[in-house]
Each structure stands twice: as C-alpha cells, then as structure tokens.
Amino acid sequence: MDLARQRPLPTTPTGPDGHARRRRLAGAALAALTAASAALAVTVPASSAEAAPGDLVWSDEFDGAAGSAPDPTVWNHETGAHGWGNAELQNYTASRANSALDGQGNLVITARREADGSYTSARMTTQGKYQPQYGRVEARIQIPRGQGIWPAFWMLGGSFPGTEWPASGEIDVMENVGFEPHRVHGTVHGPGYSGGAGITGMYQHPQGWSFADDFHTFAVDWKPGEITWFVDGQQFHRVTRASVGANAWVFDQPFFLILNVAVGGQWPGYPDGTTQLPQQMKVDYVRVYDNGSGTTNPGDPGGLPTGTGTIRIANGFCLDVPWGQTHDGNRVQIVPCNGNAAQSWTRGSDGTVRALGKCLDVSGSGTANGTPVQLWTCNGTGAQRWAYDAGARTLRNPQSGRCLDAEGGNPLHEGQRFVIWDCHGAPNQQWTF
C-alpha cells in the first residue's frame, strides 16, 4: 500500500479514486516505500498455500449490455476532484465514459485525459448496500498501466465516516502503481499503523511481467483476528492481531468494497510523456465466498441468501427465463436444468433476484393470490423483493406476504409458469439454491 494516500479529507473515504474469461470463465515517504518494495521483492516469496473457497454468498458478475451502468442497487459512485487527500489529479464522475459494462461480462473503469487537459475516472463503492464481515473476498481484474496510474481494489470499515479514518479500518486487497508494473501490494491501515506505517506486503509477478498484460485474481481470506492475501491463488501476506501490537485490531466488523483508478498522487507520482491515455481497468467479477467464519451481510433485508446460480424447485427443475428473452413481462417457468444464462440467478443483498439484467417481479405490484410472476426491468419496488425461509424452503414476496408458487400446483411439469400464492410449503413452493 502507498505511504501517502492514507490522509483522507474529513468527509471522504481515503484511497485512490479505489477472463481466460469466467465463462470460458511524498518525497521521503515515496523513497521509503520504494526501498521497502525492493526489499520485499527479495524477502517475500510466493507460497503454494491457497484458501479453498466454500459457498458463494455474494457476487457481481457484471453481465449486461455494452455501455450500461454498473448495478445501482449494488454500487455507488463517489464523485469530485478533491485530490482525495493524496494530491491526485482526477475528477471522479458517474459518467458512462468512465464506468460501464462492456457487454462481455466486464466492468470497465476508464481514466481519461479530457480536451482541456484535466483527468477523469471513476470510484465505486458498495457502502450501505453490501458490507460483508469475513469471507474470501476476491476480484478478477486486468489492471491498467502507465506512469501515474493507480488502480485499486480495497475495503473501508462500514462505520466510516461516523468513525474517522484510520480508526474505521482499511483493507487494501490490491494496489498497483504504474512505475512498478510487475508488483502489487496488499495492506491494512488502522489506528497506530496507517499511512507509511501501514502493515504491507508485496507480490511480484513470477515471470517479472506486467500485471496489466492479463487478468489476475486478487483475494483476501478474512477471518476473525486474521487476514491473508493471495494473487492467482498464491499467498503472499498475512496479518493477525499480534501484527498490530498494542494497537487496536479494527477488522472484526462489516466493511464495504471499493474499485477505482486514480491518476497521480504522492505515491504513484504523476503522468509524464510515457503515459498513454485512456487507460482501462477491467473487472471480470467481484465475489465473496463463505470461508467458515460465518460470513454475513448485516444489511441483508429479508434473509435472502446472496449468491449466483440456479434456483431449483422440488423435482429438480430450474427456474428459467423462457427462451432467454429479456422483454418486460416474460413469465418465468421451470424446465430441466441446462446451465445457460437464462437459469443463472443472482440473489442480491437488496432482496432482488435477477437474471439477464432483469428482476423477478410480481406483475403490477399485485398482492392477490394468482398474480403472475415475470421478468421486469429492475425498479427497486416491493414487487421485486424476496425473502427465503430456509426451513420451509419458500421464496416469499414480503410486500404481498405470499410465496412463489407453481401455477396449477402439483405434479410439477416442464414449462409450468409461476404466480404468488398463500405460503403452504408444498413441493410447488419448495426452492433450493
């Protein structure tokens, strides 16, 4: 982690403006950091250890049409040209020119130099929307390159800004500064160990190649009292309560996620004649797995277990978007499971159930027995909120108090459509993820 950026403005989170595919899948401070990195390059070998992830509990796969916005129910855009406590140059915007899906399953954050010579980029957070506590937190990213370019994937304590930084805590999963294309850094900051005293580790590409050349997976395995860092499954850094000495350990609380690309700043320095813009950071996915630590999202409404995958009814058929057509009003059905995108549902921390960029919706926001259930543009209404009763295995719409029900009852059959109905827990209302 950098030595300079950890001095945020009072009301602004600190930090940089912070596939083979899944489907086929300053001054002295800078000098000190450079010296430390050089030492780490020799003294911190990669380990073959890898934390085995368990169940996927939350993810954003960034599926959607090219040019569309990141999911606003998950991501906030922090905006402005404040220097962000680190003398950075960029103005963070909410424009699609700086953050958009590419239609190939990636989020793309683009740093640009505008016609007037200024710089723009994007900084996105899950603050107040998804704030896990513990788990294996990972992202598959192809970072940008160039002098003065500063990409990051990191987390801040959910108590921020009510609890000021660094007492709120910060976990930097991955940072890179352009003058070290073959190195990435992982760091924690807390009271008594922030800024230049952050507890940091560095990972060097095994072949000495640039991390910008391809996608890489950056992860932390976060448990009570310990955090371990990985790049492409290779462990390179570990911090425990003992690592902070007499200082407070501030990492046993919910944290929110941050993705950003900064331009300039006290650690990376500033663009020069070698820097080519625009530069893009491509994010294939962000995922959180259960690592046996009771991974939670305290803000999760309605007890809907988050994650992405099939939703299966009692006879093993899968909930399906007919013919993969995403027009509003397409009635969902059950058919034999086939593993395609029309049967891949993301259960969000906001209580939504999504496929192909649309939401599982109760028609007309109805509440009566027999109201059809369909695919519809996500709109944040109660018609698109769902809760799961693990004992009865029912999916309930809290607005109506009724459950997702196979129309016509049992026996279940291919092509059966769905409605809401009084919850009774019979097989035509039993779901597993």
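**Disulfides and a buried aspartate in a predicted model**

The side chains of Asp-172 and His-189 are joined by a polar contact of 3.4 Å, a term that denotes a pair of N or O atoms within 3.5 Å, where within protein one must be able to donate a hydrogen and the other to accept it, and residues adjacent in sequence count only if both atoms are side-chain atoms. The model is predicted, so that local features need pLDDT of at least 70 and side-chain atom pairs count only at pLDDT 80 or more, whereas totals for chains, interfaces and linings use all residues. Residues are numbered from 1 along each chain as its sequence is written, and side-chain values use heavy atoms, with hydrogens and water left out. Asp-172 belongs to strand E10 (residues 170–175), strands being DSSP runs (E) of at least two residues, numbered from the N terminus. With 0% relative accessibility, Asp-172 is buried (under 20% relative accessible area; exposed is over 50% and partly exposed in between, with a 1.4 Å probe and protein chains only).

The sulfur atoms of Cys-403 and Cys-423 lie 2.0 Å apart. Cys-403 is buried at 0% relative accessible area, while Cys-423 is partly exposed at 38%.

Methods:
Helices (H or I, at least four residues) and strands (E, at least two) are DSSP runs, numbered from the N terminus. A disulfide is a pair of cysteine sulfur atoms within 2.5 Å.
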